[in-house]
Protein chains: 2
Amino acid sequence: MVQIEPGQCFITEGETADAFFNITAGSAKLYKLMADGRRQITGFAFRGHFLGLAVSSTYAFSAEAIEPVRLCRFARARLFRLLADFPALERRLLERAATELVAAQEQMLLLGRKTARERVASFLRAQALAAPCGRPRAMVALPMRRGDIADYLGLTIETVSRTLTRLRAEGIIEIPDQTHVLLRDPARLVRAAEG
Amino acid sequence: MVQIEPGQCFITEGETADAFFNITAGSAKLYKLMADGRRQITGFAFRGHFLGLAVSSTYAFSAEAIEPVRLCRFARARLFRLLADFPALERRLLERAATELVAAQEQMLLLGRKTARERVASFLRAQALAAPCGRPRAMVALPMRRGDIADYLGLTIETVSRTLTRLRAEGIIEIPDQTHVLLRDPARLVRAAEG
DNA sequence: CGTACTCTTGATTTCACTCAATTCAGGTGG
DNA sequence: CCACCTGAATTGAGTGAAATCAAGAGTACG
């Protein structure tokens, strides 16, 4: 059991993939970098997420804690032993990977074809449905910075900010503080997410 | 063993996911549609690809043949029996899923952060390395239409066409015919792909 | 040789980016 | 407790890369 503080990196793209992680608390961002510093956040990880299932010998992305993260670290060899001993685990990992693949395809649609407004609305909707626990919530926590949201949605900080402001002006959301958004009109949010 | 003709759809987004496919010949495009017709192609599938491993009860994407496709179709129940009987298959699917996840993350970087020129160059590079068989080739086959490339790269047909023209004008590629591109200067192509 | 596509090329527009101030929030120390 | 500092977020003005709109040029096929 390892504790990771906010801003600390616990997986680095390109390094030898010698371990496998299971997040038991906190939140993290997963991202890829280009040589000139451009960044694409490919996802956020919360309690229960598995990370680092690399097929190649190196990690394909970096992972950095947003809120303090607790995680279980398995050496690669130990993972393979676990998989051999508990076939159900392998099935669970396969399901998990398939779920992430579906999410990745949805994100490709967002990045390739949606407008800024649709992206932000889709993001808020997804956060309301998915993140950490159970059923849709009206109050969405955004532990990540605006810059993280921008790099997740393929936008700039300014565009994210402007778009949130506009959604608020239209009465679709409220922004009680920088890390929370209240979904005031979910139906219109869904419409905004789909064009 | 089923034969699918070009333009024919063999998986439809939203329909009940009752089968699982293995492509044994040909090429196909996988895509998601928005209500107003905007399309994002999430990937191309060639010989050896597994498709339709849905966790949810419905398919998350559609699949349509580009060149004539031959495929093996497994009913969902049969797949589960196969997985139970051949644990190695499950391992293989997990590896496959992990590989696709890495590709999806790379594509998210492309869609979210790369310029049109970088996208087209990255695409040509990837086609040279990956598609159907072995090692890097200088002559890249592009069985898909320009519109498919555009919808894969998050661009318009016009931008894809203009960008290819420009790469040709710079002597980086040649375009002997509409379905082939010759990589004349792979080093510069790589540089064009990374900014 | 004409019809129907697809692809390419050109002109113009637009949405999001860039650059540039403010404003706001959270800490620190007087 | 309040002034100050710092980094984050918001807001505004102007620019630019790719989209849209509009022809024109190839290709394939009957």
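## About the model

This is a predicted model, in which local features need pLDDT of at least 70 and side-chain atom pairs count only at pLDDT 80 or more, while totals for chains, interfaces and linings use all residues. Residues are numbered from 1 along each chain as its sequence is written, chains are lettered from A and ligands numbered from 1 in the order in which they are written, and side-chain values use heavy atoms, with hydrogens and water left out.

## Where the chains meet

Let's start with the protein partners. In chain B, 41 residues are in contact (heavy atoms within 4.5 Å) with 41 residues of chain A. Together the two chains bury about 3,800 Å², 65% of it on carbon and sulfur atoms; buried area is the accessible area (1.4 Å probe) that two parts lose on being put together, summed over both. On the chain B side, B:Leu94, B:Met108 and B:Arg113 lose the most area to chain A.

The rule finds eight salt bridges across this interface, each a side-chain nitrogen of Lys or Arg within 4 Å of a carboxyl oxygen of Asp or Glu. One of them joins B:Arg38 and A:Glu118 (2.8 Å, N to O).

## Beside the DNA

Now for DNA strand D: 17 residues surround it, and the closest include A:Ser161 and B:Thr159. Here, a residue is near the strand if one of its heavy atoms lies within 4 Å of it.

Polar side-chain atoms reach several parts of DNA strand D. For B:Glu158, a base nitrogen lies 3.1 Å away, and for B:Arg162, a base oxygen lies 2.9 Å away.

Definitions and conventions. Polar contact = N/O pair within 3.5 Å; in protein donor to acceptor, adjacent residues only side chain to side chain.
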